[in-house]
Structures are given as C-alpha cells and as structure tokens.
Amino acid sequence: MRVAIAGAGAVGRSIAAELLENGHEVLLIDIDPRAIKIDSVPRAEWLLADACEIASLDEAGLNNCHVVVASSGDDKVNLVVSLLAKTEYGVPRVVARINHPNNEWLFNESWGVDVAVSTPRLLSALVEEAVSVGDLVRLMTFRQGQANLVELTLAEDAPVVGQRAGSVPWPVDAALVAILREGRVLVPTADDPLEAGDELLFVANQEVEQELAHLLSQH
C-alpha cells in the first residue's frame, strides 16, 4: 500500500515508521526544511513541499496513493490536504488528525475526511473504556455524524449475557464487529454466546447508540 503523510513532525514520522515496519510504501511531505529529518525514517521517501499546493501533490504522485494521512499540527492544513486528496486525486482513504477539539465538527465527508482522529477524544475514550463496565464508549468517528466505533464491556447482569450473538435483536445500523475476550479477538458468528466481561466492538450509526446502550445494559 502506498501512503502519503502530510506533516513530518513527531506524529507523522511515528506513523511512517509504523507503516514501513508493516511493509507499506510511505512518502512524508512537509513545507518546513527543519522537519525533513531523513535519518529519523530513512526508508521513507521525503518531499520538501507545501501539501496544500496542487503542484506539490502532483509531484508527490497522490493519484497513485491508496491512503493520505493529514497529520500536521495545523487543522486548516489538514482540512485542505484532505479535500484536495479526495476531490482532485480520488484517494480511496483519507485520515485526518484533529488538533483542536473545537474544530472536530469540520472533519467530515464534505471536507474529504473518511476517518478523523482527535487525540483528546481518543485519550478520554480510552480512560473511560478502562474504568467503565456497562457504559457505551465512543472510540472513533468514521465520516463524522454517520458511523462510530463504539465499545461496551458486558456487566455480570447484562440482559444479553448467555444469549447467542445471532439471537440478539441488534438495532438497525449497528454491527457487532469483534468480541474481545480474555486477550483474544473473536470475529463473532451467530452462534457465539455472549459472556460477562466481554468487550463488544460495534460500528454504529450515532442515532442508534442510545438504543444499543439500552439493549446491552438495561436491568
């Protein structure tokens, strides 16, 4: 997979190193010469350029990229890069970093963003996930306002404990995608029983989150 990362700061370089380790091709783009630290990620391609300029993105070969990551520390830059990547180059997947939570509402499909990652939201979600049982926790937003990755850990007295996954009347627009149990990741089948302590991961429309929470934690 070929991935272009706009923003070669600590976040961008860290993402690049991880992707290279997993066998992907990575191009790092930054307008600041001080950010071009080739020795830090020597296996990546590097481009000193303004990722908000069409000419720069042409040079970067964005039309050949499977994924673009807008990871700069400037939300305006990340939005422009996302929009250009999606509308001008038809990049299949655009991931954008949100630096300031107040700007979160902008990072949606109209700006070309497929997945928006807000560090404060993610950190708070992970804190909640670590301490909450029986509460629905939103971990990530896909195409904001349409679908979210949500998690709930089943309490001992949850009404679905002991039922098979296929027999639970899940809300429309909510899909059980994984069960985390005793350190294992299970791809759920209709016959899998649900157990107390299971961590259930759903992709769900925001409008059905409350219904899903009620189903899993009502007494």
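How many bridges join strand β5 to strand β6, and do the two run parallel or antiparallel? In this predicted model, four bridges connect β5 (residues 93-98) with β6 (residues 115-118), and the two strands run parallel.

**Strand pairing**
- Within the parallel pairing of β5 and β6, R97 lies opposite V117 of β6.
- Strand β6 also pairs with β7 (residues 137-142), here in the antiparallel sense and over two bridges.
- Across from A116 stands T141, a residue of β7.

**Helix α5**
- Helix α5 spans residues 209-217, and its buried residues are E209, L212, A213, L215 and L216.
- Viewed down the axis of α5, these buried residues fall within an arc of 160°, and they therefore line one face of the helix.
- Q210 and H214, on the other side of α5, are exposed.
- Strands β7, β8 (147-153) and β11 (199-204) are the elements against which the buried residues of α5 pack.

**Aromatic pair**
- One aromatic pair is found in a search of the whole structure.
- This pair consists of W170 and F202 in an edge-to-face arrangement, with 5.2 Å from centre to centre and 65° between the planes.
- W170 belongs to the loop between β8 and β9 (174-181), while F202 lies in strand β11; the pair thus links distant parts of the chain, 32 residues apart.
- W170 and F202 are both buried.
- Strand β11, which holds F202, is also one of the strands packed against by the buried residues of α5.

Note on methods
Residues numbered from 1 in each chain as written. Predicted model: local features only at pLDDT ≥ 70, side-chain atom pairs only at ≥ 80, totals over all residues. Heavy atoms only, no water. Pairing = 2+ DSSP bridges. Buried < 20%, exposed > 50% of the residue type's maximum accessible area, 1.4 Å probe, protein only. Arc of directions from axis to C-beta. Contact = heavy atoms within 4.5 Å. Phe/Tyr/Trp six-rings, centres within 6.5 Å; stacked < 30°, edge-to-face > 60°.
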